[in-house]
Every structure is written in C-alpha cells, then in structure tokens.
Amino acid sequence: MFDLLSEGAPLFFTVQSVLLTLVGVVAGLLIGVLPGLGPLLGIVLMLPVAFHLPPIAAMGMLIAIQVGGSAGGSISAILLRIPGTPLAAATLFDGYPMAQKGRSQDAIGLAITASALGGLVGGCVLLFFSPIVAAFALNFAPPEYAAMAVLGLLTIAIVSEGSAIKGLMAGCFGLLIATVGTDEFTNAYRFTFGNFNLTSGPHIVAVVVGLFALSELFFQVEAGGFLQRPDIQRIAVSFRALRLILRHKLNVLRSALIGTFFGAIPGAGGDVSAFISYAVARRLAKPEEGYGEGAEGGVVATEAANNGCCGGALIPTLSLGIPGDASTAVLLGALFLLGFFPGPELFRYNPDIAGGIFIAYLTSNVMLLIAGIVLVPFFGAVLKVPKAWLLPAVLLLSVMGTYSLQNSTFDLWVMLFFGVVGYLMRRASYPLAPIIIGIILGPILENNLRRSLLISRDGPMIFIERPISATILVIVALLFAYVVYSTIYPKTTTRSAEATDGVSREP
C-alpha cells in the first residue's frame, strides 16, 4: 500500500496534475449544482480533453469531477429543494428544512464537509482493499476473466433503473457494438459495411458523449423553461461547519462506511447508500434531534455516504476491471484510452499509475473541503444561470471535444447517432449505463472466452473445472434466476421493493 503511494507521488505532485485536479473539483461542483446534469455528464464532457493529457493528470481531473459532482448536488437540494443529482435526493429531508429555518450556510457547509470526510474514509478503504483484491485476482486466467466480464455486465444490467430485462437488452446492445471493427484473432473486418472509419470500431468517447451528453441536451430542450431564474437567498462563506461536524464524528464514519460498502457492489449506487445511511442514522438518533425537520445529522449521513460511495465504486473498477457504476464505467474507458488495463495487471506492471490514482482521489477530497466552502457564494449565483446560456455551452463542448479526438467529422456523426439512440432509449425507459459497460467489457469477454476454448481440451468444461470460474458462474446463474423470477412474478417483486423503499426513504 505504501509502496503504491510512494511510486505514484512523483507522477501526481506536479503543477499540471495538482492544478487539473483542482479544476476538476470546481468543475464537478459546478455541474453537480445545476439540476439535471451531474458528475457523469461532467466526466463525459471532459473525456476528450483527458485523452490528450498525461495519464495521472487526466485521471486526477476526471476523478475530481466525480468527487465534486457527487457533493455539488446537495447545494441545489438545500437551496431549491431540487437535488442537483439523484445522489442528493435524500439530502432534501433535512437540508431544505435547515435552509427554511435560516441555516442554509450551515446546511451547505455540513454537506460539503461531510462529503469530503466521507470521501477520505472511502479513499482509505480503497487504498487498503484494492491491492488485496487485485492480488487475489492474480490467480485469474482467461476463464476467470470471461466469467467476471459476464458477472459485471449482468450485475450492472440488473440493478440499473427500470426493468432487469431492459437492462440486459441494453447490455447486449453494448456487446453488439463492441463487435464492430477488426477481429483480433483473424484480422477480419466485422460489421464495417465497407467503411474504413469503422475498422477500429466507433470511438468510445463519441459514443459516450452522444449517449449521455447529447441525449440529456435533447431532454432539456424538450422540457423548455429556457429563461427561468430561481429566486435564491444570498449565501456567504462560513467555516462554522468545520466545528459543527465534530458533533457527528460517529455518524460520518458509519455513513461513509455504508456508502463505501454499497459503492463496492457493482451497480448499487450512491443514491441507495444515501437513503440507507439516512435510515440508519435516523433510527439511532435521539427523538429531540428532529430528523425530517432540519436535523444536522440527516445532512451529514446522506452526504458522507454519497462520497464514500465514490471510493467504494473504484475498488472493483481498479482491482478487477468491473465498474461499480456508470461514472466509474466511463473512468474505466478513460484508462483503456490512456493505454492501461485495470485489474491485477495495473498493480503488477503499472503500480505508479495505481498509486497516482489513489493520491488523486484522496487529494480531490481535501480540495473539495476547501474549494467547496470558499466558493459557495459563486455556486449559489450559478443556480441563477438560465438554460438558454447553459445548453449551447454543453453542445459546443460536446462537438469540440469529440472532433478533437481524431479531427474526424465521422466521430461527430457517431456522436449524433448515439445521441438520438440515447434519447429514444431513455424515452422507452431503457438504462444507458449497461450499453457503455457492454462496449468496455465486450472485448474482454470475447477475447478471454475464445482463449479459454483454444486452450481447453474439454471445450466449455474448462469453465466448470476451474473452481474460481465455476463459483463466479454459479453467482451468474443465481442472478439470472432472479431476473427470470422477477419477470414472471413482477407483483411480488414490486411489493417487496415498495416495502424496502418505504423503510429507507420515508423522511
């Protein structure tokens, strides 16, 4: 663990890397504050820029956007009762009542401080467990990697928003896109339709920008309200929260660990961990604390869990190559673009890169604590920016970033195509994250499946004969059985989900 940090320190502690990490935190806070956007869109918009940067500077900036964006949604939740991101939905329960009582500065300060401390706890867990998980994964051979790819795709597809069947269909669509290009084993062209631009497949950045940024742009245009300006009270800088947070030390630690645990489960997400940590904190609180009426502990619990989840989601992403959520799926794609392969190989052959990423994550949370409190008045003013100014800027960034990848207009057509596809799929309630994960895990699944069959003397039995791959496939079978059961008996599943939702989300 300490060797990783010592090897990564020289790569991170450069003027460029530190400055870009700070820029990423501020950009993440900014895009998290604006309702309807969020850290995923911020990462997507900056992905073309990261493509031209050194590895640690690029990953530091993208991770900092995730950290800042996860915390930024609480500001609009507290001031407007509109969560900037789904992660901040649970912050409404006590954050907005605090603002109504004239304590908006305390509420925002507590939210930012708890987010930073929760992220640091998640980072410590990440730093400790990732090398252990990666060391265990050194026992993996092609059958295990193929089985893990199937597990990662299935898990993300099942827990995505909407039905599990739609999630699986979206994941399979991503696998289909991954087959476009040149076959690595035979050098034959597949599904290129004679177009030279497709010999390497569609560029992952163009696909991601189209699916997420452009489709969101279409939705915002459809929603209207281009000149609306919310009425927001003036907010000043206040470091009082640094003293208030000391009353909630156990709450911060407990909620951050809950967030880290759920973040490490692929697909669980920060919104789930936020509601669960809120429910736990409320149950353990004294009646006079007044949860639901402006309790400080409610804001602390949800925000500590949100950013603790970021560190947890990076554990399977870096150690196994299985993304924990949609944001880390894009981070995984960024690592591939920069020429590094997450998993045991990253820790074995590029420990300096792994260490640099760890330091970048920890540093971004420290920067969040300082920048988040100092820039609170600025972010309050940003909430007054009308959509008529914001949407053209998003479109311009999307077009310029995508074109700069290869100076190719074909990438712009790919972005537009997948923007329309993403819009139509969202209108039909299909999740988009499984598509990206299918594109990323597709080559891993295909190549390791074919290698396994080439080295096997008993055909597919190689997956059963090896204990680790057999165990993973048993988990896959159980998950698939769950999908079938929930499809045949949707009423039972819906009722149990509603019961769980009532326990964890009721303010």
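Helices are DSSP runs of H or I with at least four residues, numbered from the N terminus. The structure described here is a predicted model, in which local features need pLDDT of at least 70, side-chain atom pairs count only at pLDDT 80 or more, and totals for chains, interfaces and linings use all residues. Residues are numbered from 1 along each chain as its sequence is written, and side-chain values use heavy atoms, with hydrogens and water left out.

The chain has a mean pLDDT (the predictor's confidence in each residue, from 0 to 100) of 81, and 89% of its residues reach 70 or more. Over residues 492–507, pLDDT stays under 50. Where pLDDT is low, the predicted coordinates should not be read in detail.

Isoleucine 370 lies in helix H16 and is exposed (over 50% relative accessible area, 1.4 Å probe, protein chains only), with a value of 51%. Together with Phe239, Leu242, Val366 and Val374, Ile370 forms a nonpolar patch on the surface. Such a patch joins nonpolar side chains (Val, Leu, Ile, Met, Phe, Trp, Tyr) within 5 Å, from residues with over 30% relative accessible area and no salt bridge. Helix H16, residues 351–374, gives the most to this patch, with three residues.

Helix H14 (residues 326–337) reaches 17 Å from its first C-alpha to its last, close to the 16 Å expected at 1.5 Å a residue. Ten of its twelve residues are buried (under 20% relative accessible area), so H14 is largely enclosed by the rest of the structure. The buried residues of H14 pack against helices H3, H4, H9, H13, H16 and H20. Glycine 339, with a positive phi near 95°, follows H14.

Key: Patch = residues over 30% accessible without salt bridge, like charges linked within 9 Å, V, L, I, M, F, W, Y side chains within 5 Å. Areas by Shrake-Rupley, 256 points an atom, 1.4 Å probe, with all protein chains shown as cover. Salt bridge = Lys/Arg side-chain N within 4 Å of Asp/Glu carboxyl O. Helix = DSSP H or I, 4+ residues; strand = E, 2+ residues; numbered from the N terminus. Contact = heavy atoms within 4.5 Å. Expected span 1.5 Å × (residues − 1).
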